[in-house]
Amino acid sequence: MRVGLTYDLRVEYLAAGYTEEETAEFDRPDTIDAIEAALQELGHRTDRIGNVRQLVGRLARGDRWDLVFNIAEGLHGVARESQVPAVLEAYDIPYTFSDPLVCALTLHKALTKRVLRDFGLPTADFFLVESEADLDRVDLPWPLFVKPLAEGTAKGIDGDSMVTCRSELARVCRRLLNTFHQPALVETYLSGREFTVGITGTGDRAEPIGTLEIVLLPQAEPHSYTYVNKEKCEELCRFPLAEPEWAARAEELSLAAWRALGCRDAGRVDLRADSQGQLYILELNPLPGLHPTHSDLPMICSAVGLTYLELIRRIVDSARLRLSPAVRPTASKAGATQSCRVAIQP
């Protein structure tokens with residue numbers, strides 16, 4: 001297949017004057033190098049396209065692809081992750097990962113939580129602060145946790161995001177409203193353990209590949225997997241495989257959420273427990289980072305013995321199966337590893 005690659009390259013936006021935090025979700029050159037090398041090893045011809053504006057230019061010139069491997073995050077708007085999928089659908093060009101509806105829904109954390117609740121899946125109680133006038137209406141038990149409504153890579157989350165009184169709540173919400181120009185999501189704080197579950201596949205073919213616990217080291221920012229903790233995760237965190245009983249519970253919930261929301265091909269579900277050990281879904285990431293050693297999904301794969309090449313193969317095969325059920329998955333040239341699925345307890 002001729003496979004195009006769409007992505008937002010962080011260095012290009014930094015050169016244009018955007019800040020480190022504004023570009024936190026965008027990719028490093030070695031991520032694109034790794035994806036392209038894996039696709040070529042799997043026998044595909046690759047073509048680097050770039051961001052949504054570059055995609056539009058290529059389409060206007062008449063360029064087309066058998067499949068687009070899309071990891072573009074977009075820059076503006078609450079539906080920015082939907083931009084590339086929507087353009088590709090307008091031109092009837094197949095692509096990897098979730099469709100525009102799912103990408104927009106999962107980036108809007110409050111709507112995601114409402115849909116999860118409708119499916120009977122556990123997520124922490126919340127309130128959406130859209131302006132300072134909403135602050136007096138927050139009626140949730142302390143402590144609370146505050147984050148931007150529609151950001152990834154923990155942007156806007158730091159050691160002050162857990163608040164214990166109304167003055168702290170007001171200060172953090174005002175900062176987020178002024179900095180990110182979007183509502184602040186206020187949630188009941190979950191004080192227990194945190195996990196991230198990797199999933200590959202779509203619908204009935206979706207399966208969990210493993211679960212990592214996120215353990216903050218003493219020098220890390222407190223309370224959560226913050227922006228700084230993510231950016232410096234090799235120094236500030238540990239990521240052990242979850243014990244079987246925790247993994248089973250986390251994966252059962254994650255797979256149910258993945259299928260309920262219609263996520264496709266590969267991604268992650270993040271969960272956290274309360275003080276009693278009850279797990280709640282934090283959010284779904286249907287457009288996961290794919291740096292071979294720094295991103296969470298490849299880290300999960302490494303922990304369970306799944307190669308990076310096999311991960312890319314699974315993503316492409318999942319997309320091909322969605323497009324044509326008669327298409328058989330391709331075998332990895334390097335020898336596909338056996339499935340590392342962790343069994344889910346009933």
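Colleague: Is R58 buried or exposed?
Modeller: This is a predicted model. R58 is found in helix α3, residues 52-60. Its relative accessibility is 13%. Buried means under 20%, so R58 counts as buried.

Colleague: Which side chain does the side chain of R58 join in a polar contact?
Modeller: Leaving aside neighbours within four places in sequence, R58 is in contact with R2, D47, R48, I49, D63 and W65. The side chain of R58 reaches the backbone oxygen of R48 at 3.5 Å. The side-chain partner, in a polar contact of 2.4 Å, is D47.

Colleague: How many residues of helix α5 are buried?
Modeller: Helix α5 spans residues 100-107 and is mostly covered. What covers its buried residues includes α4, α6, α10 and β12. The buried residues are P100, V102, C103, L105, T106 and L107. Of the eight residues in α5, the buried number is six.

Colleague: Which residue caps the N-terminal end of α5?
Modeller: Look for a side-chain oxygen by the backbone nitrogen of L101. That oxygen lies 3.2 Å from the nitrogen. The capping residue is D99.

Colleague: Which strands stand at the edges of the open sheet?
Modeller: The sheet has five strands, in the order β10-β9-β8-β11-β12, with antiparallel pairing. Each edge strand has a single partner strand, so one side of each is left without a neighbour in the sheet. The edge strands are β10 and β12.

Colleague: What is the bridge partner of T196 in β9?
Modeller: Strand β8, residues 194-200, pairs with β9, residues 207-216. The pairing is antiparallel, over seven bridges. In β9, the partner of T196 is L212.

Technical notes
Residues numbered from 1 in each chain as written. Predicted model: local features only at pLDDT ≥ 70, side-chain atom pairs only at ≥ 80, totals over all residues. Heavy atoms only, no water. Helix = DSSP H or I, 4+ residues; strand = E, 2+ residues; numbered from the N terminus. Buried < 20%, exposed > 50% of the residue type's maximum accessible area, 1.4 Å probe, protein only. Polar contact = N/O pair within 3.5 Å; in protein donor to acceptor, adjacent residues only side chain to side chain. Contact = heavy atoms within 4.5 Å. Pairing = 2+ DSSP bridges.
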